[in-house]
Structures are given as structure tokens and as C-alpha cells.
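Hi everyone, thanks for making time this morning.

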Amino acid sequence: MDTRDAEAVLAAFARTPGDVAGARRVARQFADLDAGERSALLWSEDPGARLVAVVLLVQAMRAHPNPELTEEYLAAAKAERFGDPVLADIAAEELVGAPLVGGSTGQLFALAKSDVAMVRRVAAVATLAFVKQGDAEVPLAIAGRLVRERSETVQSALGWVLRETGKRASEPALVAFLERQGRFLSPAARATATEHLPAAERDRLRG
């Protein structure tokens, strides 16, 4: 393959609405794109190229799980290549969280300490892999590290993750967390985290 392959990906994406659904369609079409071409897209200055590249990484992980795919994704995040939160939201669970389920979660806590807000968002969103296994402990532990954040990039992810923790893993654990630390969440994040709760409980926790 040569550089025309990456160019072909961009040409195909240009014919879509430019959204995640379009990126997924293009990624399926170019599933055999080699790693070098995918990397060129990931490190491109074109936001659309980066979106398609991240979808390609997720697609590759589903087909053949490989820690190198996680490292490729995190390298770009740490280098501040991800300006759009969607690049965390569509990939962190599968590329970062899922490989850690059942093993050490040290990497998540390291990511939560990153100087890069988007990397901290990745750490939060990655915990959805644990939520879907019924584990409230890991997402609430990461949320506890991030709850005092003022960055909307992180706060909006926390609201989402906390809501899912209450719905899918443990509502009592979520309520206990919010009683202890909910005051540190932004109003919007607190509203999201509590939106599935009974009205009286929701109103109490929103203060």
C-alpha cells in the first residue's frame, strides 16, 4: 500500500456526513488498511482523518485484540491529537478499559493523573468496560480521583459514567458516592449522574 490509500480513505469520508456513522462505514470499507496508513490518518491534521483512524483502531481491536493498538491510541491522546471528546467516547472503553477487566487497573489511575484533559476523559470513559461487568468499584474509584476537576471535558464524562454505574452496576454505590462527593461535580454532571434516579432521590442529591 502507499499514500494513496490514506487519501482514498479521506476521499471516501468526504462523501459522508462527516459523523461517527460515516466514519464507521468508511472504516468497514477500508478494514484492510495497513498500520502505517492508519497511523498517518491518526497523526493527520485533518479531524476527519483522526476520527476514521480511531474507528479503525476499534475495529482492529475487535478483530484481533492487541495491546499495541491500545498504545497507538494512547500515544495520540497523550500528544494532544484529540481535540474532540468523541475520540475518547467511541474508543476508550474497548481500546483501554476492556483489556484491563480482570487484571490490574493501575494504568487507569495513571491516565487519570495525566496533565492532558482528554487523557483524563479517556480514563473515565474506559471504566464503562467495568460498569458493563457489574463492577461499580473501579468507575467510582476513578471518578473519585477526577471529581474535583473543573474541566468540562472531564466533568461531562463523569456525569455519563456515574449515571451508567448507577443503572448497570450499583445504584446504592452511586448514591453513596454522590452523598460523599457529589457537591464537587458541576451542576450539569450532577444532573446527568442522577437523571435515572427516583424523583425524590434525584432532587435530594442535586441539592
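When I say salt bridge today, I mean a side-chain nitrogen of Lys or Arg within 4 Å of a carboxyl oxygen of Asp or Glu. By that rule, the count here comes to twelve salt bridges. Please keep in mind that this is a predicted model.

Let's begin with E72 and R38, whose side chains meet in a salt bridge at 2.8 Å, N to O. This pair links distant parts of the chain, since E72 sits in helix α5 (residues 67-78) and R38 in helix α3 (residues 35-42), 34 residues apart. Are these two buried or exposed? Both E72 and R38 are buried.

Now for a second pair, E179 and R204, again with 2.8 Å from N to O. E179 has a relative accessible area of 48%, so it counts as partly exposed. R204, at 45%, is partly exposed as well.

There is also a network, in which salt bridges that share partners join R163, E164, K167, R168 and E195. Within it, K167 pairs with E164, and their closest N and O atoms are 3.8 Å apart. How far apart are K167 and E164 along helix α12? They are three residues apart, so about one helical turn separates them. As a reminder, an α-helix has 3.6 residues a turn, so residues three or four places apart point the same way. E164 has 9% relative accessibility, and because the cut-off for buried is under 20%, E164 counts as buried.

Beyond its sequence neighbours within four places, T165 contacts V131, A136, P139, L140 and S170.

P139 and L140 bring us to helix α11 (residues 137-146), where V138, P139, L140, I142, A143 and L146 are buried. The buried residues of α11 pack against α8 (106-112), α9 (117-126), α10 (128-131), α12 and α13 (171-181).

Last stop, the largest nonpolar core, which has 73 residues; Y73, F82, L95, V96 and L162 touch the most other members. Helix α4 (residues 47-63) gives this core its largest share, ten residues. As for L162, leaving out residues up to four places away in sequence, its contacts include L140 and A143, along with L174, F177 and L178.

Happy to take questions!

Conventions: Residues are numbered from 1 along each chain as its sequence is written. This is a predicted model: local features need pLDDT of at least 70, side-chain atom pairs count only at pLDDT 80 or more; totals for chains, interfaces and linings use all residues. Side-chain values use heavy atoms; hydrogens and water are left out. Contact means heavy atoms within 4.5 Å. A nonpolar core is a set of buried Ala, Val, Leu, Ile, Met, Phe, Trp, Tyr and Cys residues joined through side-chain atoms within 4.5 Å. Buried means under 20% relative accessible area, exposed over 50%, partly exposed in between (1.4 Å probe, protein chains only). Helices (H or I, at least four residues) and strands (E, at least two) are DSSP runs, numbered from the N terminus.
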